[in-house]
Amino acid sequence: MPLKNKEAWLLTSFVGLVNLLFYCFAAWLPAIVEEKGWTPAFGGLAGTIAMIAQLPATLLLPSLLRVLPNKRFWITFFTLSVIVGLSLLCFTNVTPIIASICLGIGGGGLVSLTLLLPIDKTASPIEASNWSAMTQAIGYMIGAVGPFIIGFLHDYLGSFVPTLYLLIMMGFIVILLGWKITKPAKVKVEGIPAK
């Protein structure tokens with residue numbers, strides 16, 4: 001595994017934060033909706049809709065990448081979708097169904113992208129396999145602690161609002177990391193680095 005490779009660690013951090021965001025809203029969305037004054041049944045419905053909304057983004061991603069192969073665009077688009085969903089829950093009283101759809105589309109697209117990025121960063125199938133093993137093993141462990149942190153902060157602070165602020169900030173960090181790991185490689189022409 002590329003444990004000494006800086007780019008592999010950046011990608012692992014990206015995968016970890018993407019999964020952390022995803023697991024947090026997957027675990028706590030019904031409770032967040034309920035805290036906003038909706039019924040537990042409606043909270044469950046909002047969670048179900050978020051999971052269903054993932055399917056189009058996940059299934060259509062290969063076709064979307066053929067039309068527009070710029071992964072920076074899709075990282076930004078899907079992360080902003082998650083940020084919009086979290087912001088709707090945090091700052092408005094709009095029906096949580098809209099937030100659920102935004103969260104589902106963004107989360108589904110981002111998680112699917114994390115599976116493709118190791119292929120772009122490596123030169124052979126074996127190397128891609130090693131990068132995938134590292135990014136997914138460590139990334140999913142990072143993601144798994146997210147719901148526990150959110151639950152702890154909710155119990156300590158008495159509200160999901162501060163945790164939503166935290167998740168929104170993490171969304172912007174995901175965009176920055178995504179841009180960093182998809183930075184085009186510099187090519188040399190006749191020994192002179194391209195600008």
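Partly exposed denotes a relative accessible area between the buried limit of under 20% and the exposed limit of over 50%. The legends below refer to a predicted model.

**View 1. Salt bridge between D120 and K71.** The side chains of D120 and K71 form a salt bridge with an N to O distance of 2.8 Å. Because D120 belongs to helix α4 and K71 to helix α3 (residues 71–91), the pair ties together parts that are 49 residues apart in sequence. D120 has a relative accessible area of 45% and is therefore partly exposed. K71, at 17%, is buried.

**View 2. Salt bridge between K121 and E7.** In this salt bridge the closest N and O atoms of K121 and E7 are 2.7 Å apart. The pair links distant parts of the chain, with K121 in helix α4 and E7 in helix α1 (residues 6–35), 114 residues apart. K121 is partly exposed, with a relative accessible area of 24%, and E7 is also partly exposed, at 38%. The count of salt bridges comes to two.

View 3. S112 is located in helix α4, which spans residues 96–121. Its relative accessibility is 12%, so S112 counts as buried. When neighbours within four places in sequence are set aside, S112 is in contact with T58 and L61.

**View 4. Nonpolar surface patch including L59.** I52, L55, L59 and L60 make a nonpolar surface patch of about 420 Å². Of these residues, L59 lies in helix α2, which comprises residues 40–67. L59 is exposed because its relative accessible area is 64%, and the exposed class begins over 50%.

Definitions and conventions:
Residues numbered from 1 in each chain as written. Predicted model: local features only at pLDDT ≥ 70, side-chain atom pairs only at ≥ 80, totals over all residues. Heavy atoms only, no water. Patch = residues over 30% accessible without salt bridge, like charges linked within 9 Å, V, L, I, M, F, W, Y side chains within 5 Å. Areas by Shrake-Rupley, 256 points an atom, 1.4 Å probe, with all protein chains shown as cover. Salt bridge = Lys/Arg side-chain N within 4 Å of Asp/Glu carboxyl O. Helix = DSSP H or I, 4+ residues; strand = E, 2+ residues; numbered from the N terminus. Buried < 20%, exposed > 50% of the residue type's maximum accessible area, 1.4 Å probe, protein only. Contact = heavy atoms within 4.5 Å.
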